[in-house]
Amino acid sequence: MKLFQSIFGSETRQSYPESLIETAIERAVDGTDSRLRLLPGYRKRLRAPVIKAIDHVIALVDAIQAPLPASVRQHGTEPRLSTVFSSAGDMLEILVRDPALSRFLAGPEGKGAEQVAALLMTEHAERNILGLDLVGDQVRRDVPQVTVNFTGHRLLDPTTNEPESRRLWKRRAFDHLLTLALSRIAETRVERADLTRQRDLLRRKLKTLERAGWSFEQAEDDAPDPAALAAELDTITAQLERLGANQDVLQAHLGIVGELLADAPAQLWAEPIAFVLDPMNIQRAPSDPSARRIEFQELRNAQGRRVVALPLTIVPADLPEREDLVSAASRYLQ
């Protein structure tokens, strides 16, 4: 954490102090493969990709909407809150029980805080149900409906002010890019190890056949064909050569980190997502009188992960004690 204490402060795009760039380069190495420092010129090779990644995460986070006040009264008037939290009581319970918020409020920075800013992350899923609905002027049962449910609520990087939270979100976005690079490195290692095992197995098979003089005996039905084995061995050997020999592993890893950071906009991005729902989170036609169009920002990554991001401001004094969540929500609504 000390490495990034001063990273992503008030910098503007394309105007970064050298200390930020150097810190980000070292963070990229520590977050992927620290052995990259053994390679001469690793800083020079990572400099341009790192700057591009910094450009991207700053723009990404700066585009995130302003925080919503997460109060019980606001829940009744703000469709985004009432969509991601099924009720005011549910919202209070999630906030009170959130581990990150609890740790922050118990720590030296959070004790006595009048307001907290944090990023809510939640996932959505559609579910087919049979429910009551008004068809024409009649209420009917077992009408096919689609509901949108939000689950996995969690708060990230609570602080006492929004600018500091946004700085931490930028750092988190940069670190997320590093996890994607590390994942790609791990996949390459697995691929190399798997190909090595296949190659060694084929070599053993070929040696057995060669010792037998490639056998003029009648082959069993499932006996391997020597020519096919040789061709398969050649293919795997070529794949291994493309992955690099052992002495080339670090160069390959450095290339992966540089390529992924340079490709940051295609690795982590935000897209608007909209729902047309009634107050029960049931999908409706836009012309339906009960329909509301609710728009969010969804963070996506190259691995197919998708999560709704909603900045919140929270007043700790308004949060009830854990044992009295339901009655507290009722009092606030009076």
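Colleague: Phe150 and Phe296: are they buried or exposed?

Modeller: Phe150 is buried, and Phe296 is buried too. Before going on, note that this is a predicted model, in which local features need pLDDT of at least 70, side-chain atom pairs count only at pLDDT 80 or more, and totals for chains, interfaces and linings use all residues. Residues are numbered from 1 along each chain as its sequence is written, and side-chain values use heavy atoms, with hydrogens and water left out.

Colleague: Why is Phe150 called buried?

Modeller: Buried means under 20% relative accessible area, exposed means over 50%, and partly exposed is in between, with a 1.4 Å probe and protein chains only. Phe150 has a relative accessible area of 10%, so Phe150 is buried. Phe275, with 5%, is buried as well.

Colleague: What makes the pair of Phe150 and Phe275 edge-to-face?

Modeller: A search of the whole structure finds three aromatic pairs. Rings of Phe, Tyr and Trp (its six-membered ring) pair if their centres lie within 6.5 Å; planes under 30 degrees apart count as stacked, over 60 as edge-to-face and the rest as tilted. The ring centres of Phe150 and Phe275 are 5.8 Å apart and the planes stand at 75 degrees, so this pair is edge-to-face. The pair links distant parts of the chain, with Phe150 in strand β3 (residues 138-159) and Phe275 in strand β4 (residues 268-277), 125 residues apart.

Colleague: And why is the pair of Phe150 and Phe296 called tilted?

Modeller: The centres of these two rings, Phe150 and Phe296, are 5.8 Å apart, but the planes are at 55 degrees, so the pair is tilted. Phe150 lies in strand β3 and Phe296 in strand β5 (residues 292-301), so the pair ties together parts 146 residues apart in sequence. Phe150, Phe275 and Phe296 form one aromatic cluster.

Colleague: How many helices and strands are there in the protein chain?

Modeller: The protein chain has eleven helices and six strands. Both are DSSP runs numbered from the N terminus: helices are H or I with at least four residues, strands are E with at least two.

Colleague: Why are α1 and α2 called roughly perpendicular?

Modeller: Two packed helices are described by the angle between their axes and the distance between the axes. Axes are lines fitted to C-alpha atoms, for helices over the stretch in contact, and angles run from 0 to 180 degrees between N-to-C directions. Angles under 35 degrees count as roughly parallel, over 145 as roughly antiparallel, 65 to 115 as roughly perpendicular and the rest as oblique. Helix α1 (residues 18-30) and helix α2 (residues 42-62) pack at about 105 degrees, with axes 9 Å apart. The two helices, α1 and α2, are therefore roughly perpendicular to each other.

Colleague: Which residues make the contact between α1 and α2?

Modeller: Contact means heavy atoms within 4.5 Å. Those involved include Leu20, Ile21 and Val29 of α1 and Arg43, Leu46 and Ile54 of α2. By class, the contact of α1 with α2 has ten nonpolar, no polar and five charged residues. Here Ala, Val, Leu, Ile, Met, Phe, Trp, Tyr, Cys and Pro count as nonpolar, Asp, Glu, Lys and Arg as charged, and the others, Gly among them, as polar.

Colleague: What does His56 touch, and where is His56 found?

Modeller: His56 is found in helix α2. At 13% relative accessibility, His56 counts as buried. Not counting residues up to four places away in sequence, His56 touches Ala264, Pro265 and Leu268.
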